[in-house]
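Here's a quick briefing to read with the model open.

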Amino acid sequence: MNIKRKDIIVCGFALFAIFFGAGNMIFPPYLGVLSGDRWVTASTGFILSDPVLPILGVIVTARLGGRAIDLGKRVGWRFSAIISAICILIIGPFFAVPRTGATTHEIFIAPNLPGVPPLATSVVFFGLTLYLVLNPGKVLDYIGKMLTPALLIVLGVITVTAVVHPPAAAITTDAPDLFKMSFKEGYQTMDALGAALLSGIVLSDLIRRGYSDGKTQVKASIQIGLVAFICLALVYGSLTYVGSTVSALYTPDMDRTAILLGAVENLLGGGGRFVLGLGVALACLTTSTGLISTCGNFFSDVTGGKLKYKYVVIVATLIAFAISLIGVEGIINIAVPVLTAVFPIVIFLILASIFDFQIKYNGFFIGGVIGAGVISVIEAVNVFSKMQNGDALGGLVKTIETFPLANFAFEWLVPALICAVIGGLIGKFTGLGGTREDVYRQQAIREERLAKALEENA
């Protein structure tokens, strides 16, 4: 079947809309303020983290089979289920969804209705989220289809205004490790953690459009990913530039939401701030509803229906509601050590899975995950300790910072590759971990059992 250009564009824009959660808007302007005249360096680091890694994750997972648990199956099915569950909890009730509620309050409610407390906003926001999750309909689809173009128009106006009439000249800055810090700031979008889940959505849409051949699906997924990448890179790059134009007016120690609001108000006035706030609030509602629904479907499917969708989404919404009261900056700070621990493992799986068909022994994947995980956990413990004014494992972290590629936030990569090679050799000479063929044979058996379990629990 020939790939239709219209399908690629439509699906590409849809994937862009899914990844472009309104909460992601707060990070590039902050980087622009931090980097000043070096905003291109900051933008490059951020874009490498998001959208390059998430789009790559979607394409790789589509090639592996299109399900969230496919990404880690070469390590083991139990590990794959655990890492997938961790990722969906992070992008769901623990961090990303609570941030949508907190962002709605700080960007839309607080500036326009300063007397409304965060608790009231969260009650209404998550009440609507739960209602929409339990009563899916076309209203949310209509809002979603209108919001993305509307937000892009507003962002386009903001960017053009910043280019034509910048509020001030970008400051000159010598911020250390700017690229590395910007790359890790991209962790906060959490898009790479959801890439494996979103791959299934892309494949389902392609199948609905008549693309039944596996090779054609992968080829189409690559083209769809390219469209989404271009859109996301343009948006994030533009927002980083916008932040640089107000770098003389704001400082990096300000809240990220305050920087975004301040930049928009300086460029478009109070009216622009209101329009952006309303768009962000509605977009956050669609994001929270989609992620909570995805969380419910994931745990229902992975347990063969033992965990009912209804109960999962209720619990997930209540957790998100409670965490949202911490506020955007509080949620970001709590997320930092967790994302520091998890992201390198996921990145390794994405990169290694590119060569899934060429790597015979599963020990390569097992060793790589161990290598990346050891480094990332050490760094995460140190980050958490520093948040408590300590320096646990500080000596080890200083050593890790001397590793190759540390300036690019890939200090874990060489240890991961060394452990991967060792794991592969162990697998070859001892048989431990099995081979690729073993995994795919087990997969066929598991899928048959899961189908029966779902049918019995339906």
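This is a predicted model: local features need pLDDT of at least 70, side-chain atom pairs count only at pLDDT 80 or more; totals for chains, interfaces and linings use all residues.

Residues are numbered from 1 along each chain as its sequence is written, and side-chain values use heavy atoms, with hydrogens and water left out.

**Aromatic rings**

- Rings of Phe, Tyr and Trp (its six-membered ring) pair if their centres lie within 6.5 Å; planes under 30 degrees apart count as stacked, over 60 as edge-to-face and the rest as tilted. That rule gives 15 aromatic pairs.
- F20 and Y236 make a tilted pair, since their ring centres sit 6.3 Å apart with the planes at 55 degrees. F20 is in the loop between α1 (5–19) and α2 (27–35) while Y236 is in helix α10 (residues 214–245), so this pair ties together parts that are 216 residues apart in sequence. Helices (H or I, at least four residues) are DSSP runs, numbered from the N terminus.
- Both F20 and Y236 are buried; buried means under 20% relative accessible area, exposed over 50%, and partly exposed in between (1.4 Å probe, protein chains only).
- Y236 also pairs with F46, and here the centres are 5.2 Å apart and the planes at 80 degrees, so this one is edge-to-face. With F46 in helix α3 (residues 39–64) and Y236 in helix α10, the contact ties together parts 190 residues apart in sequence.
- F46 has 0% relative accessibility and counts as buried, and Y236 is likewise buried, with a relative accessible area of 0%.
- Elsewhere, ring pairs link F183, Y187, F343, F410 and W412 into a cluster.
- For a charge over a ring, look at R256, which lies over the face of Y30 at 4.2 Å from the ring centre. The rule here is NZ of Lys or CZ of Arg within 6 Å of the ring centre and within 35 degrees of the ring normal.

**Salt bridges**

- The structure holds 12 salt bridges, each being a side-chain nitrogen of Lys or Arg within 4 Å of a carboxyl oxygen of Asp or Glu.
- D70 has two partners worth a look: R67, with the closest N and O atoms 3.2 Å apart, and K73, at 3.4 Å from N to O.
- D70 is buried at a relative accessible area of 1%, and K73 is buried too, whereas R67 is partly exposed at 24% relative accessibility.
- E265 and R273 form another salt bridge, with their closest N and O atoms 3.3 Å apart. E265 is partly exposed, at 37% relative accessible area, while R273 is buried at 18%.

**Pocket and cavity**

- On a 1 Å grid over the protein atoms alone, a cavity is a set of points where a 1.4 Å probe fits but cannot get out, and a pocket is an open set with protein on both sides within 12 Å along at least five of seven lines; lining residues have an atom within 4 Å of a point. Volume is the space filled by probe spheres set on the points, which are joined across faces, edges and corners.
- The second largest pocket holds about 700 Å³ of space. It has 22 lining residues, and the closest to its centre are M181, K184, V336, T340 and V383.
- Two or more lining residues of that pocket come from each of α8 (178–185), α13 (328–353) and α14 (363–387); α13 gives the largest share, 6 residues.
- The whole structure has 1 cavity of 30 Å³ or more. The largest cavity has about 100 Å³ of space, and α4 (77–94), α9 (191–208) and α13 each supply at least two residues of its lining.
- Residues lining the largest cavity include A68, C87, L193 and V346.

- Most residues other than glycine have a negative phi.
- D177 has a positive phi near 50 degrees; this residue lies in the loop between α7 (138–164) and α8 and is partly exposed at 48% relative accessibility.
- N389, also not a glycine, has a positive phi of about 65 degrees. N389 is in the loop between α14 and α15 (394–400) and counts as exposed at 76% relative accessibility.
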